[in-house]
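Dear colleague,

I am handing over the structure below, and after it you will find what came out of going through it. Please read the notes alongside the coordinates.

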Amino acid sequence: MSQPYTIRRGEPSDAKAMQQIAQGESAYSNTLQLPWPSVDRWQKNCENWPAHLHMLMTESPEGMVVGNIGMEALQSPRRRHVGQLGMFVHEDWQGKGVGTALMAAAIELVDNWLNLTRLELEVYPDNQAALALYRKFGFEQEGIARQSVFRAGRLTDVLLLARLR
């Protein structure tokens, strides 16, 4: 089956689309983002991406940005083999293969072009859909950061996952 999505590099012009995805409840409740993100903040973020941050966007067949994944290659001399991932998928497009397309593209980039051998990410224990996606791509839980994030009025744990090549 052919891929219905287009994957491309993120551009500063994607700020509004990223803001719209980030304002969805599932985006801010399942990441470290805050509710009601401003377009101005996203515009500044998009204009100042460092060279070691690789942002990939997913477009629907109609050309709408429906998700993104950011992969930051760490710059510490002793951790240059490591990348850290974070992703958003628009609420209306969850469960439709967007996350799979993004993760496949990110892994293609890190394995075949950036020579990173370790990918890391953080996820909430109750985000079962994300956990299933990450496990499908070989991520394994390495630890738990206890009460590390203030979320929805209380401190909550975060799972630490990694994928080794």
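Where is Ala152 found? Ala152 is in the loop between strand 6 and strand 7, where helices (H or I, at least four residues) and strands (E, at least two) are DSSP runs, numbered from the N terminus. Phi of Ala152 is near 55°, which is a positive value in a residue other than glycine, and at 81% relative accessibility Ala152 counts as exposed (buried means under 20% relative accessible area, exposed over 50%, and partly exposed in between, with a 1.4 Å probe and protein chains only).

Before the rest, two notes on conventions. This is a predicted model, in which local features need pLDDT of at least 70 and side-chain atom pairs count only at pLDDT 80 or more, while totals for chains, interfaces and linings use all residues. Residues are numbered from 1 along each chain as its sequence is written, and side-chain values use heavy atoms, with hydrogens and water left out.

A positive phi, of about 55°, also occurs at Trp36, again not a glycine. Trp36 sits in the loop between helix 2 and helix 3, and its relative accessibility of 77% makes it exposed.

Pockets

Pockets come from a 1 Å grid over the protein atoms alone: a cavity is a set of points where a 1.4 Å probe fits but cannot get out, whereas a pocket is an open set with protein on both sides within 12 Å along at least five of seven lines, and lining residues have an atom within 4 Å of a point. Grid points are joined across faces, edges and corners, and a volume is the space filled by probe spheres set on the points.

The largest pocket has a volume of about 1200 Å³ and is lined by 45 residues, of which Thr31, Gly86, Met87, Phe88 and Tyr134 lie nearest its centre. Several elements supply at least two residues each to this lining, including helix 2 (25-29), helix 3 (39-47), helix 4 (98-112) and helix 5 (128-136), but strand 4 gives the most, with six residues. By class, the lining of the largest pocket holds 24 nonpolar, 16 polar and five charged residues, where Ala, Val, Leu, Ile, Met, Phe, Trp, Tyr, Cys and Pro count as nonpolar, Asp, Glu, Lys and Arg as charged, and the others, Gly among them, as polar.

The second largest pocket has a volume of about 200 Å³, and its lining divides into eight nonpolar, three polar and one charged residue. Helix 2 and strand 6 (140-151) are the elements that give two or more residues to that lining, with the largest share, three residues, coming from strand 6. Among the residues that line the second largest pocket are Thr31, Tyr124, Arg151 and Ala152.

Nonpolar cores

A nonpolar core is a set of buried Ala, Val, Leu, Ile, Met, Phe, Trp, Tyr and Cys residues joined through side-chain atoms within 4.5 Å. Of the 30 residues in the largest such core, Leu85, Met103, Tyr134 and Phe139 touch the most other members. Helix 4 gives the most to this core, with eight residues. Not counting residues up to four places away in sequence, Met103 touches Ile69, Leu85, Met87, Tyr134, Phe137 and Phe139 (contact means heavy atoms within 4.5 Å).

Arg118 is found in strand 5 and, at 17% relative accessibility, counts as buried. Polar contacts (a pair of N or O atoms within 3.5 Å; within protein, one must be able to donate a hydrogen and the other to accept it, and residues adjacent in sequence count only if both atoms are side-chain atoms) join the side chain of Arg118 to that of Glu120 at 2.8 Å and to that of Glu142 at 2.5 Å.

Glu120 is likewise in strand 5 and counts as buried at 12% relative accessibility, and a polar contact of 2.9 Å joins its side chain to that of Arg79. Glu122 is in strand 5 too, and, leaving aside its neighbours within four places in sequence, is in contact with Leu32, Val158, Leu159 and Leu160. The C-alpha atoms of Glu122 and Phe88, 34 residues apart along the chain, are separated by 13 Å.

With best wishes
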